[in-house]
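Please keep the structure open beside them as you read.

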Amino acid sequence: MRAAELFRSRFGGTPDGVWLAPGRANLMGEHTDYNDGYVLPFALGQAVTVAAARRAGRQLTLCSRQEPAAAVQIALDGLAPGQVTGWAAYPAGVAWALEAAGHPVPGACIAIDSDLPAGAGLSSSAALECATALALTELAQTELAQTELAQTELALTELALPQPTGLTVPRRELAAIARRAENEFVGVPSGIMDQSASLLSQAGHALLLDCRSLETSQVPFAPAAAGASLLLINTRAKHDLSDGEYGQRRAECEEAARRLGIPSLRSLTTPAEVDRLADPVLRRRARHVVTDNQRVLDVVALLSTPHPPPGQHGPVDVYRDIGRLLTESHASLRDDFEISWPEADATVEAALAAGAFGARMMGGGFGGSVLALMPAAGAGQVRQAVTTAFARHAWTEPEFLDAVPSQSARRLTSLV
């Protein structure tokens, strides 16, 4: 494990454990989460991994394979927003949010590795938060258990008890804590979708999340079983959610809801209701939210419909219909929400021309990735068509990642 190797090389010794948290792709429901709407993400096979061990004193020591500079030292006492910047703000923010929620945080050395491309809209920051949260809560639990055993002068072996490995913090609460770290410590006004997807997803499923009630349900989602394939295309156009555009879109949605006299745009159920808005910009923003919410429900209905046995007419048509909804969502994000970018539009156009069922930009916008759905046999054609389109524009060659609905965050091993 590369994170464990990094830990040994930078800190010496063996980590107490290794934890993994996946990135996410969002099948449908973009910019609906902070509007109390519906989202339908799934966990990816690509992830952030951390190797960690307790250390004496109230301090975190962080290093990252992707950031090879000297390790970052963070004092836990007096930690507050604004004290840590850059990539280290994400794990530091988790420590701050855990303690603010009343959960103890031990001193620790943490080594970080990732195969998630940063800036690709795959929630590498949320994955880092969730992996750190799992590590710190479990290290704290183990430390507490060992302290209690020492106080009673009993060893775990004498009690015939296993080494504690469960979490003391429920995963839904942990998702909220990680989101608070990103919102209040890092300063990114994101919703709760990314952390929920990383911590709650199941392999072979998409996660339907109602961002108003926070209720979740697992929706069977196995494209390969129907002869379909999902491809993530990193356009390599970087995006940064801490810039002003994301916050501006959120503010516009909040203003639209205020003018309509509703708590949030989730209260809208039909596109016609947005016509009450006199401002054309706010009208477009609200129209995207209400239509993308409906597209989430439409995809869930398609995936929840019983299918005929493989080989008979049926399953592939479901994915063709989902593809059409993906393309509709891209048009809405491009025209009504106005957050697409040239590489994304060219990727969608090339993928559709090469036989994809559908494609759309994904993530916060202005850079990142495109999600394309296609017949499994046509994946090579789509790759070639997109690569050719990029070469024609003299853009940096895109990166292609298989998008397989995967397992949520977890501890990989206790002995490395």
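1. At 55% relative accessibility, Arg258 counts as exposed, while Glu255, at 23%, is partly exposed; the cut-offs are under 20% relative accessible area for buried, over 50% for exposed and in between for partly exposed, with a 1.4 Å probe and protein chains only. The two residues form a salt bridge whose closest N and O atoms are 2.6 Å apart. A salt bridge here is a side-chain nitrogen of Lys or Arg within 4 Å of a carboxyl oxygen of Asp or Glu. Both residues lie in helix α7 (residues 244-260), three residues apart, about one turn of the helix. Helices (H or I, at least four residues) and strands (E, at least two) are DSSP runs, numbered from the N terminus.

2. A word on what you are looking at. This is a predicted model, in which local features need pLDDT of at least 70 and side-chain atom pairs count only at pLDDT 80 or more, while totals for chains, interfaces and linings use all residues. Residues are numbered from 1 along each chain as its sequence is written, and side-chain values use heavy atoms, with hydrogens and water left out.

3. How confident is the predictor? The chain has a mean pLDDT (confidence in each residue, from 0 to 100) of 91, and 90% of its residues reach 70 or more. Over residues 147-167, however, the pLDDT is below 50; this stretch has 23 contacts in the model beyond near neighbours in sequence, a contact meaning heavy atoms within 4.5 Å. Where pLDDT is low, the predicted coordinates should not be read in detail.

4. Back to the charges: the whole structure holds 24 salt bridges. One of them joins Arg2 to Asp113, with 2.9 Å between the closest N and O atoms. Arg2 belongs to helix α1 (residues 2-11) and Asp113 to strand β5 (residues 108-114), so the pair ties together parts 111 residues apart in sequence. Arg2 is partly exposed at 47%, whereas Asp113 is buried at 7%.

5. Another pair, Asp317 and Arg320, meets at 2.7 Å, N to O; these residues sit three apart in helix α9 (residues 315-335), about one helical turn. There is also a network of salt bridges linking Glu245, Arg249, Glu252, Arg284, Arg285 and Glu338.

6. Which strands make up the open sheet of four, and in what order? The order is β9-β10-β8-β11, with antiparallel pairing; two strands pair if DSSP finds at least two bridges between them. β9 (358-362) and β11 stand at the edges with a single partner strand each, so one side of each has no neighbour in the sheet. Direction ignored, neighbouring strands are turned by 25° against each other on average.

7. Is strand β8 (residues 228-234) buried or exposed? Seven of its seven residues are buried, so the strand is largely enclosed by the rest of the structure. Ala228, Leu230, Leu232 and Asn234 point one way, and Ser229, Leu231 and Ile233 the other. In a regular strand the side chains alternate between the two faces of the sheet.

8. Finally, the pairings. Seven bridges join β8 to β10 (residues 369-375), with Ala228 partnered by Pro375. Four bridges pair β8 with β11 (residues 399-402), where Ile233 stands opposite Phe400. β9 and β10 share five bridges.

Methods. pLDDT is the predictor's confidence in each residue, from 0 to 100. Axes are lines fitted to C-alpha atoms, for helices over the stretch in contact, and angles run from 0 to 180 degrees between N-to-C directions.
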